[in-house]
Each structure stands twice: as structure tokens, then as C-alpha cells.
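User: I'd like a close look at a single part of this model. Take your time and walk me through it.
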Amino acid sequence: MAHNIAVIGGDGIGPDVTAEAIKVVLAAGVDVATTDFDLGGSRYLRDGEILSDDTLDQLREFDSILLGAVGHPDVAPGVIERGLLLKMRFDLDLYINQRPFVGTAPGGDTPHDFVVVRENTEGPYVGEGGSLRTGTPQEVATQGSFNTRFGVERCIRYAFDLAQRRDRKHLTLVHKTNVLQFAGGLWERTFNEVAAEYPDVSTAYNHVDAACIYFVQDPHRYDVVVTDNLFGDILTDLGGAVSGGIGLASSANLDPTRTSPSMFEPVHGSAPDIAGQNLANPTAAILSAALMLDFLGEADAAERIRAACVEPVTGSTTDVGDAIAARVRN
């Protein structure tokens, strides 16, 4: 039976790169049925729709969601991000954000291969906080970090399970326990308690500032990294930068319980300056589709797609998609 995929092209280059991703999935011989959803900044400007509960209920019926990019220069920052991306992550309980990084860091000569597991439904992104006397010299703003034992533990357990399946079997916790003692303390205690159940997985801890240095200078020390929502957001952008560029970075937003459809998206933005010009590199969207196939049980096709993306392809958006699709067929 065909996998039912909801496709949210979104804004800017999003529709173009998702089209190429689906082209490559079909070239890999995977039977998919796609349904397009018109969501993003352009839709919001047209009729005010961001992500209604009715649309969210429709999305729940699919096997997975493939998203291109969202963001429009005429929409204030945060409106679409919170109303669409974060709403999907929170309401569908996509509590794992998983981003793989394979490449050679600038100045290096040995490829690295590591994965960052980011808690995806808690932390500062929950929106706990507020402001008083906004816009005045006496303005006061607070922004909390919301962490639960339940949310932290299920993320850490997922990361240990992933590390256990990999060859190196190593997991690094990244936080800032010397300053963020309450949230960091919860993460560290939970990490250490769960580690006792995985004696074959070696562990380490890095403060997030040290991890930023190591990502650049010594990324080979990492196998699997687990961290909170905010630190994971920052670190994965850096991971993309040292692995060929953020434009090649793929991302999976997962519900490992498979109660809801998981969502897959490239890390890059909507790039409105080149929208509609057939200039965007669709490789990150194609690699995100490969992550989607992994989750759908199509591991052979996913691996063939990744192999087809190893050697860079130049040209237009469609040229790159056609070349990768041809490699997959062969």
C-alpha cells in the first residue's frame, strides 16, 4: 500500500524543493500518495489561516508530513513559526528533533558522522513568560524554560536507544549546568539515572559553550548528542555549518510512539530572494525525505537516496533533483 504523505510546500523555495524531494522518492521506487496543503505566510496574508484545528485534524490522518519552508517577508517574525511549526510540534507531540551531520569541517581532512537529538516540545519555546510596561524605559520581560521529568526522560531514553544501535555507542549530554542549575540539574540527574540502564553506551557531558568549540575544532568526538530545545536549535545550525552548509541540513520531527504523523523538513529557510527562480539546492529536502523513508520502514530506499547525494550536484533546482533521481534509479 502507498504511504500517504501530506506535503506542505510553504513559502519561497519550499514548494520547489519539496517537489524535487518527492521526485527522488518516486525514483527510488517507493509508492507514495501525496496531498498538498496550502499553508505558510502567503496563505496567512491571503485569508488569515495559519494552522486551524480542522486542518491539524486532517494532517493527523497521514503517515507523515513533508514540509519545505515557511516564512514570508511581509509577515512579522514568529507569527508563522509559532502558529505553524511549533503548533505542529506541540499538538502532534513531535517530541524528538533528530538531525544527522555527515561531512568534513572547514580546515579538516577527516569526515565526521554524528547525530543531534533535541528535545522538541519543552524548554523556552513553550512560551512561558511575559512583559510589563512594554515599550517604555521601565520594560520588564521574563522568559522561562519549561522542563518536566517526563519530557526530559523520554528524550534521553530515545537518545540512548539511538546510541546503542550505532557502532560507537557513545552519547554526550550538552547543557549549561553550572549556571542553569534547576533545568540543567534535572537533565543531568535524569541522564545519569538512565545511563545506568545502558552499560554498553559510554557517556560524556559538555557545557554548551564548550560544545560549540568542539563542533568546529573536533566534531569527531561526537556520536550522538542529546540536549534541550534551545541549545539543540543553536547547535544544529552550527552542525550544519561544519558539515557542508546549513543549506544541506536535514531534519526529522518525530513522534516515536507513532500516535501522530512525524514531520520532516530541511533546516534552511524560505529564501524569498530566490523564490521562483529555480536556483535553490533541493538536497536538504531530499535528505529530509530520506529520513522520512527511514521512519516509514523504507530503509533500503533511504540509504540509496543518501548515497546518491554524497557527490554534490550543481545546476538549477530541477537539474539537481533530476541528477539525484537518475543516480537513485541506477
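In which sense do strand S5 (residues 112–119) and S10 pair, and over how many bridges?

Analyst: They pair in the parallel sense, over 4 bridges. Quick housekeeping: this is a predicted model, where local features need pLDDT of at least 70 and side-chain atom pairs count only at pLDDT 80 or more, while totals for chains, interfaces and linings use all residues. Residues are numbered from 1 along each chain as its sequence is written, and side-chain values use heavy atoms, with hydrogens and water left out.

On terms, strands are DSSP runs of type E with at least two residues, numbered from the N terminus, and two of them pair if DSSP finds at least two bridges between them.

Now to S10 itself, which spans residues 224–227. S10 has another partner in strand S8 (residues 170–175): S8 and S10 run parallel and are joined by 4 bridges. In that pairing, Leu173 has Val226 of S10 as its bridge partner. So much for the neighbours; what about the side chains?

Val224 and Val226 point one way from S10, and Val225 and Thr227 point the other way. Both sets are buried, meaning under 20% relative accessible area with a 1.4 Å probe and protein chains only (over 50% would be exposed, and in between partly exposed).
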